[in-house]
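Visitor: Please take me through the entry shown below, one question at a time.

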Amino acid sequence: MTERHQPYEIDDLELRRAQQGDAAACRALVMRHQRRVLGQLRAMLIPAGRGGLVEDLAQETFLRAFRALPRFRGDGRASLATWLVTIATRVALNELRRRPPRVEALDTVTESVKAGETAVIERHASGRAIEQAIADLPPAYRGAFLLRELHGLDYGEIAKVLEIDVGTVKSRLSRARARLRQALAEVQDG
Amino acid sequence: MDSPLGADEGSNGALNDDERAALAAWADDDDPSDAFTEKVLCAWFAEQAGSTEEGVVEEPALTSEPRAAASRRRAVGWVGALATAAVVMLMVRVLPRASEVERETAGHACAPAMAQERGPADERGRHEPMTPGAVSAEPESTVLGAQAGQVLAHHCNPCHDSTLPDAKTGALEVFDLDKPYWWSTMSDAQLEDASLRVRELAGSTDDERERVGTFVQAELQRRARAG
């Protein structure tokens, strides 16, 4: 995911302030990471026909993060950004587990999402094909694919987020990539 | 756009730059609105106000930093918002309604507005207990459970929330705060133990101890009534 206008991480001092409940630091944390969190939830939920829950679950993600923030230790690759995306992914997967994705034609899904989301879909020529390809993936495959290709997590990190082994991560990624390539090829041919 | 397919078309290796760009363009959106930021912070500080006796934002610990003054000014600004939030929280407590007892909604200062945005709770299907029949539909117990869950989220996470990266399997088997009825997996003894632990926590406030204690007593009484 592109990171326009915002640094990848807040600095250590600001993180410590947020951990201590400082209002300005909490605000900075949300502002720096909301795009990433919203993007992940959007990519997880819209293809499943749950676009209306994106903001609610993004808020839930930040609330859970704030509650656990005092104990967060951002060592090495376990960055705050990765931590937040992990929470967002699990929140989305749990939501989809509780209420399985609706099976709808893409047009129906597209019409049901908010105007802003529709604009996102239609902004790009291949958007519909990508969405359809991602919508065809089971949620757990979708999660692995987005964590790898949008957020750059390595196989081990994805395995930890999804609580599966690395081999399963690889097979899920392979299948997801094949679906995406096929969808994009059809757009290209067509 | 240019061809989204790269040289490794047909393979299932990592996406190439064009493919990744196409994917990112689809998932990306305009910068989130300030309203979203405010909504999150409003909910968070209202929750904080609801779980502390003072109900005010703690003074930043690193006050020697140049930005401390600005932070204090912002904190003062939050006091007004928190006062409003406290009133809303009080109303939620005094007027428990089925549509307001969802765990996540009960924790938000903007709960009524959010509930309205989301539509009827039944439509979302999030009231289903983990163990059908094991949890009463009594609103009082459910509201108290949601409030106690907030307290536990502050003191027992990340171990007891399956959405957090450091959650512990053993802890989740006892209770998982991500579940709407997180207490339905707990035995009577485990409920009493949770209440005891919160009472003994150095960092817990009187209000937090009372919330958890009240819920545990109410739930134990409900179970006794239900046999």
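Guide: A residue is buried if 20 or more other C-beta atoms lie within 10 Å of its own, exposed if 12 or fewer, and partly exposed in between, with C-beta atoms placed from the backbone. The model is predicted: local features need pLDDT of at least 70 and side-chain atom pairs pLDDT 80 or more, while totals for chains, interfaces and linings use all residues. Residues are numbered from 1 along each chain as its sequence is written, and chains are lettered from A and ligands numbered from 1 in the order written.

Visitor: What percentage of the residues of chain B count as buried?

Guide: Chain B has 10 helices and zero strands, these being DSSP runs (helices H or I, at least four residues; strands E, at least two) numbered from the N terminus. Of its 227 residues, the buried share is 37%.

Visitor: Which residues of chain B does Ile130(A) touch?

Guide: Two residues are in contact if their C-beta atoms lie within 7 Å. Leaving out residues up to four places away in sequence, Ile130(A) touches Leu180(A) and Ala183(A), and in chain B Ala22(B), Leu23(B) and Trp26(B).

Visitor: Is Ile46(A) buried or exposed?

Guide: Ile46(A) lies in the loop between H2 and helix H3 (54-68) of chain A. Its C-alpha atom is 8.2 Å from that of Glu131(A), 85 residues apart along the chain. Because 27 other C-beta atoms lie within 10 Å, Ile46(A) is buried.

Visitor: How are H4(A) and H8(A) oriented, roughly parallel or roughly antiparallel?

Guide: The axes of H4 (residues 80-98) and H8 (residues 139-149) of chain A come within 10 Å and cross at roughly 165 degrees. Axes are lines fitted to C-alpha atoms, for helices over the stretch in contact, and angles run from 0 to 180 degrees between N-to-C directions. Angles under 35 degrees count as roughly parallel, over 145 as roughly antiparallel, 65 to 115 as roughly perpendicular and the rest as oblique. The crossing angle therefore makes H4(A), relative to H8(A), roughly antiparallel.

Visitor: Which residues in H8(A) does H4(A) meet?

Guide: On the H4(A) side are Val85(A), Thr89(A), Leu93(A) and Leu96(A). In H8(A), they meet Pro139(A), Ala140(A), Gly143(A) and Leu147(A).
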